[in-house]
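Dear colleague,

I am passing on the structure we spoke about, so that you have it to hand while you read my notes. Please look through it first, and then compare it with what follows.

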Amino acid sequence: MNNDIERVLFSQEDIQEACRRLGAQISRDYEGKKPVVVGVLKGAILFMVDLIKEMDIMTEVDFLDVSSYHGGVASTGSITLNREIETDISGRHVIIVEDIIDTGLTLQYMLNYLNAHHVASAKVCTLLDKPEGRKVTAKADYVGFNVPNEFVVGYGLDYQEFYRNLPYVGVLKPDVYSE
Ligand code: XMP
Ligand code: MG
């Protein structure tokens, strides 16, 4: 599995440091607010676990499952809602936790979803941001790292459902998906 990685972008230590920084920042911003932290399945699971441990506030956790990739390395643009948030989020402060923001289409879809459910506020915390990939205007409130316009895997991010369990984020060798 490690042989399929061209280079490591962010080590386990880099990621832990980012989680500590973002967790502290969110804790300050949401002091006394009891937000609902919503992880986007499946890519955000590892980030979600490490991030919430660094949040020193009362929070609920839930998950939302939306997909736009369907196994390839480029966004299809059509978004499927596979699982809704179970918590009653009406009137609540919601923090979406994402693995990566690329075209911005998924984020745009989720923000519309939250608005339709009349949340008190909606913010987004993403481990990775790929600003060059944007097709629509979309901005994350909390960002771990910016990444170049390359396909990355690991720490929750997959290629055809594999590589999610890598403890770091790396660039996949192009020959792995061009075969
Ligand atoms: P959009 O394009 O809607 O994409 O902003 C968000 C979702 O697309 C997936 N994504 C990636 N997954 N490596 C991955 O493993 C990547 O480089 C990558 N870029 C986007 C991801 O699931 C994210 O939630
Ligand atoms: Mg995803």
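How many bridges join β2 to strand β5 (residues 93–101), and do the two strands run parallel or antiparallel? Before I answer, please bear in mind that this is a predicted model. Four bridges join the two strands, β2 and β5, and they run parallel; within this pairing, Val38 has Ile96 of β5 as its bridge partner.

Strand β2, which covers residues 36–41, is also joined to strand β3 (residues 60–67), in this case by six bridges and again in a parallel arrangement. Here the bridge partner of Leu41 is Asp65 in β3.

Of the contacts between residues at least 6 apart in sequence, 68% join residues that are at least 24 apart.

On overall dimensions, the C-alpha trace spans about 50 × 35 × 25 Å along its principal axes. The radius of gyration of the chain is 16 Å, and because a compact globule of 179 residues would have a value near 16 Å, the two agree. Finally, 36% of the 179 residues count as buried.

How values were computed. Residues are numbered from 1 along each chain as its sequence is written. Chains are lettered from A and ligands numbered from 1 in the order in which they are written. This is a predicted model: local features need pLDDT of at least 70, side-chain atom pairs count only at pLDDT 80 or more; totals for chains, interfaces and linings use all residues. The radius of gyration is taken over C-alpha atoms; the globule rule is 2.2 Å times the number of residues to the power 0.38. A residue is buried if 20 or more other C-beta atoms lie within 10 Å of its own, exposed if 12 or fewer, and partly exposed in between; C-beta atoms are placed from the backbone. Two residues are in contact if their C-beta atoms, placed from the backbone, lie within 7 Å. Two strands pair if DSSP finds at least two bridges between them.
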